[in-house]
Amino acid sequence: MPRKRRAVSAYLIAHESTNTDTGMTAPMRLLDSIAHSHTPLVLPSSRDPSMRLEVAGPSRFAAQVAGCPLRYVLGDDLTQASAELAFADGARLVGCLDLLRMPAPHLWVEWNDEVHKRVIHATESSADYDSGSAGRKVGIMLRASANGLTAVGRTFWADAGGGDEYSAVTLSPMETHFDLRGEFADTEGGHDALSGGFVDATHGGNAATASLLDHVRFRFDESWAGYYREAAGDPEFKRRLIRESIDSIAWDAPFVLAFLLLLSAKDATRVMPVSRAAINRKRLANGRGPLLDHVEVNASLDAVSTAEPGTDGSGRQSPRLHHVRGHLVRREQRVFWRVPHLRGSGTRGAVRSRTVCLSFARRADHEARV
């Protein structure tokens, strides 16, 4: 399992300020950085430095990101909740995978990697904290099947540059393949990893995380596989290449599955469409590229409802007023978020509780180590 991201295929992208003449500003998202990428990624051949090989870089996906009809940018609260669900309460997520479907044939999901990696370390899923995650944005572009049960993802990330800009965008050389049924019937061909073969990952210290990863496989992009075949004559280099390439993206798969569950759960999230129409009129007038519309998604996990009635239908007297923390509930074929709420009667006193938000506590006997 991964420890940190590695800049496997990074190159510099020139960014422009988002300030306009009227003082309007808008944050430059990772999806904007990719959409503004136009320079192909060309690398020297390892066998003959005079030869140049073009491999898949962010520019190859610029049009796809710009044309993606559904783009999600996660708030830090939802990023944290998704990571906690994936790595501290994975058994609950595993129990709901049969209900999951990809919400659209083509979608983008973007989040703050620092929040994600902080939860991974706090839940002891990883012994080491990825200090390089500070300021890093990560996004995955998903292409799903018509029935929503399978999808192929391409993962991008960028470290913080100056202000709201990024210094470079990195595209992972590996594809992430999701199969919500966990079948992968067509991945057992026995091909080498650099010849189109699939590679899996697991987590030896956490059965729930390992079960989630059973629904995921990884495969090198064809152009990158060809490039690496030239350089991977040394078996040790090849093993390290495969391990580090998977390490850079494997943590993201359980996280994405957790987000999809919270997104589908009733009352778990709130969405806010963000239109860039106003600022784009100024940008286009000044010869600048447009920023992309998207949907910002936050958690609704800390909204507290009013107290429930003092008696129940059986006529029994209710307990003292107390707080019930939020939790996911599955009822047959539906999942919904039971918001934190007050229950009982205030006339019988109150039980004070400090547990007012979503919390996925890890038991000591389920500690995970990489």
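## Aromatic pairs

Let's start with the rings: there are nine aromatic pairs, counting rings of Phe, Tyr and Trp (its six-membered ring) whose centres lie within 6.5 Å, with planes under 30 degrees apart called stacked, over 60 edge-to-face and the rest tilted. One of them joins Tyr72 and Phe259, with centres 5.7 Å apart and planes at 70°, so this pair is edge-to-face. It links distant parts of the chain, 187 residues apart: Tyr72 sits in strand S4 (residues 70-74) and Phe259 in helix H9 (residues 252-264). Helices (H or I, at least four residues) and strands (E, at least two) are DSSP runs, numbered from the N terminus. Tyr72 and Phe259 are both buried, meaning under 20% relative accessible area, while exposed is over 50% and partly exposed is in between (1.4 Å probe, protein chains only).

Phe220 and Tyr228 make another edge-to-face pair, at 5.8 Å centre to centre and 70° between the planes. Both are buried, and together with Trp224 and Tyr227 they form one aromatic cluster.

## About the model

This is a predicted model, where local features need pLDDT of at least 70 and side-chain atom pairs count only at pLDDT 80 or more, though totals for chains, interfaces and linings use all residues. Residues are numbered from 1 along each chain as its sequence is written, and side-chain values use heavy atoms, with hydrogens and water left out.

## A buried histidine

Now for His294, which lies in strand S11 (residues 294-299). His294 is buried, as its relative accessible area is 4%. Setting aside neighbours within four places in sequence, His294 has contacts (heavy atoms within 4.5 Å) with several residues, including Arg29, Leu31, Arg71 and Val73.

Helix H3 (residues 76-87) packs against helix H5 (residues 113-122) at an angle of about 35°, with the axes 9 Å apart. Those axes are lines fitted to C-alpha atoms over the stretch in contact, and angles run from 0 to 180 degrees between N-to-C directions. On the H3 side, Asp76, Thr79, Gln80, Ala83, Glu84 and Phe87 meet Val115, His116, Val119 and Ile120 of H5.

## Positive phi in two loops

Glu124 has a phi near 60°, a positive value in a residue that isn't glycine. You'll find Glu124 in the loop between H5 and strand S6 (137-144), partly exposed at a relative accessible area of 31%.

Asp267 has a positive phi too, near 70°. Its loop runs between H9 and strand S10 (269-274), and Asp267 is partly exposed, with 39% relative accessible area.
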